[in-house]
Amino acid sequence: MGNVKLSAFADVCLRTLMFLGSRRDQQVTTKDIAEAIGVPYNHVAKAIVELRNRGALDVTRGRYGGSQITSVGLELRVGALMRDLDVREDVVECVSEAGIPCPLLATCKLRGALRRAREAFYAELDALRVQDLTTVQGSTSLPFPLFP
């Protein structure tokens, strides 16, 4: 059994939101997002469609278009978003690669424990909003100058 992992799609969605959250006043192209977060363009494009449908992004098409995070996107609870995007029923597969169900499936208690552990993982992330995970670039203020 491996580490607890986000689904690949949830990971791309979260990275996209975090990247755009650090550039709140900018429209950024899908290509630029993909390059910045190190994810293929097609994966980012799918994430943008999903996030736009959730109201998390404003998307403008065309030559001067791009995506920009919305106030809804900044306020999204990370745990709730990850929970919604993770369509896997179980943390581990209870079926072999050949399609044969595990012989312990009927009396397995591990499956329920793993579901509860995954929910605890998401519950911990529920305390965070997307904006809590981002730092606005160029937002550091300069100290007030002291004059003699």
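A residue is called buried when its relative accessible area is under 20%, exposed when that area is over 50%, and partly exposed in between. R118, at 15%, is therefore buried. Please keep in mind that this is a predicted model.

**The overall plan**

The chain has six helices and two strands. Of the 148 residues in the chain, 31% are buried. How much of the contact set with a separation of 6 or more comes from residues 24 or more positions apart? Such residues account for 67% of those contacts.

**Helix α1 and its neighbours**

Helix α1 covers residues 8-21, which makes 14 residues. From its first C-alpha to its last it reaches 20 Å, close to the 20 Å expected at 1.5 Å a residue. Several of its residues are buried, including V12, L14, L17, F19 and L20. Which elements do the buried residues of α1 pack against? They pack against the helices α2 (30-37), α3 (41-53), α4 and α5, and against the strands β1 and β2.

C13 also belongs to the buried group in α1, and its relative accessibility is 0%, so it counts as buried. Another cysteine, C102, is partly exposed because its relative accessible area is 33%. A disulfide is a covalent bond between the sulfur atoms of two cysteines. A search of the whole structure finds zero of them.

**The strand pair**

Strand β1 (residues 57-60) and β2 run antiparallel to each other, paired over four bridges. Across this pair, V59 stands opposite S67 in β2. Five residues lie between the strands of this hairpin, and G62 takes a positive phi near 105° there. R63 is found in the loop between β1 and β2 as well. Is R63 buried or exposed? With a relative accessible area of 73%, R63 is exposed. The C-alpha atoms of R63 and T29 are separated by 9.7 Å, although the two are 34 residues apart along the chain.

**A closer look at T70**

T70 sits in the loop between β2 (66-69) and α4 (71-75). Its relative accessible area is 11%, so T70 is buried. What does T70 touch, leaving aside its neighbours within four places in sequence? The answer is G55, A56, L57 and D58. The side chain of T70 has a polar atom 2.6 Å from the backbone oxygen of G55. A polar atom of that side chain also lies 3.1 Å from the backbone nitrogen of G73. D25 is 45 residues away from T70 in sequence, with 9.7 Å between their C-alpha atoms.

**Salt bridges**

How many salt bridges does a search of the whole structure find? It finds nine.

| Salt bridge | N to O distance |
|---|---|
| R129 and E75 | 3.3 Å |
| R118 and D86 | 3.9 Å |
| R129 and D132 | 3.0 Å |

Take the R129 and E75 salt bridge, at 3.3 Å from N to O. R129 lies in the segment after α6 (110-125) and E75 in helix α4, so the pair ties together parts that are 54 residues apart in sequence. R129 has 22% relative accessibility and so counts as partly exposed. E75 is partly exposed too, because its relative accessible area is 41%. R129 also meets D132 in a salt bridge, and D132 is partly exposed with a relative accessible area of 37%.

Now turn to R118 and D86, whose side chains meet at 3.9 Å, N to O. This pair links distant parts of the chain, with R118 in helix α6 and D86 in the loop between α5 (78-85) and α6, 32 residues apart. Are these two residues buried or exposed? R118 is buried at 15% relative accessible area, and D86 is buried at 8%.

Finally, salt bridges link E50, R54 and D84 in a network.

Key: Residues numbered from 1 in each chain as written. Predicted model: local features only at pLDDT ≥ 70, side-chain atom pairs only at ≥ 80, totals over all residues. Heavy atoms only, no water. Buried < 20%, exposed > 50% of the residue type's maximum accessible area, 1.4 Å probe, protein only. Contact = heavy atoms within 4.5 Å. Polar contact = N/O pair within 3.5 Å; in protein donor to acceptor, adjacent residues only side chain to side chain. Disulfide = S-S within 2.5 Å. Pairing = 2+ DSSP bridges. Salt bridge = Lys/Arg side-chain N within 4 Å of Asp/Glu carboxyl O. Expected span 1.5 Å × (residues − 1).
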